[in-house]
Structure formats: structure tokens, C-alpha cells
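I opened the structure and kept notes on a few helices. The entries are in the order in which I looked.

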Amino acid sequence: MMPVQTRMAIEQMRMDGHGPTQIARRLGLSVNTVKSHIQRHMKPEARCPVCGKTIYPAPGRKQKKYCSDRCRSQFWNHQYRKGDRHGAEA
């Protein structure tokens, strides 16, 4: 099990923009250990593709793609007007 200080150091360095290889070298860990920690414990923040607001997940529910019905409708109306009815983002 990884010490709490090491976990916090990995998370802080990742938020500062360091890559897994850099983090591993600085902390004396395996690159795979760092990658594994990032993948398991650092979920990327979900953002609405229309307005950019952070979307907070409801426990036990599917991850939302849009922050509100307004943004969802705006996205699909835009897609319809473009002629792309399958929702492929441009």
C-alpha cells in the first residue's frame, strides 16, 4: 500500500502538469505505479461541452454529459442545423 504522502505528492504533481515519467523519477517509483494511481484515483473533471461548467456526478447514476436541459437542447439544435443528426462533435 502506498503511503498517504506519496499519493498526495503524485496528485499534486499531476495537477501541476507533470507527466507520469517525471513524477516517477522525482519520487523514485515505477512509471507503471504512477500511471496506475492516476488511472484509479484521479478521475478527470467532467465538463459540459456547451458552456464548460463542471458536472458533478450523482452517486450510483450514469455520468451526465450536459450540465442542464438547456445546454443539451442547445447542443442538439446546433447539430440539427448543421445537418449532422448523429451528434458527432465538430
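**Ground rules.** I am reading a predicted model, in which local features need pLDDT of at least 70 and side-chain atom pairs count only at pLDDT 80 or more, while totals for chains, interfaces and linings use all residues. Residues are numbered from 1 along each chain as its sequence is written, and side-chain values use heavy atoms, with hydrogens and water left out.

**Entry 1, helix α1.** I took helices as DSSP runs of H or I with at least four residues, numbered from the N terminus. I checked the length of α1: its 12 residues should span 16 Å at 1.5 Å a residue, and the end C-alpha atoms are 17 Å apart, which agrees. The expected span is 1.5 Å times one less than the number of residues.

Next I looked up burial (buried is under 20% relative accessible area, exposed over 50%, partly exposed in between, with a 1.4 Å probe and protein chains only). Thr6, Ile10 and Met13 are the buried residues of α1. They cover an arc of only 75° around the axis, so they sit on the same side of α1. The arc is taken from the directions from the helix axis to the C-beta atoms. Val4, Gln5, Met8 and Met15 are exposed on the other side. Just after α1, I found glycine 17 with a positive phi of about 100°.

Leaving out residues up to four places away in sequence, methionine 13 touches His18, Ile23, Arg26 and Leu27; contact means heavy atoms within 4.5 Å.

I fitted the axes as lines to C-alpha atoms over the stretch in contact, with angles from 0 to 180 degrees between N-to-C directions. The axes of α1 (residues 4-15) and α3 (residues 31-41) come within 11 Å and cross at roughly 80°. That makes the two helices roughly perpendicular, a label for 65 to 115 degrees. From α1, Arg7, Ile10, Glu11 and Arg14 meet Val34, His37, Ile38 and His41 of α3.

Helix α4 covers residues 69-82 and reaches 20 Å from its first C-alpha to its last, close to the 20 Å expected. Cys71, Phe75 and Gln79 are buried in α4. Its buried residues fall within an arc of 70° seen down the axis, so they line one face of the helix. The face turned away carries the exposed residues Asp69, Arg70, Tyr80 and Arg81. Glycine 83 follows α4, with a positive phi near 95°.

Conventions: Parallel < 35°, antiparallel > 145°, perpendicular 65-115°, else oblique.
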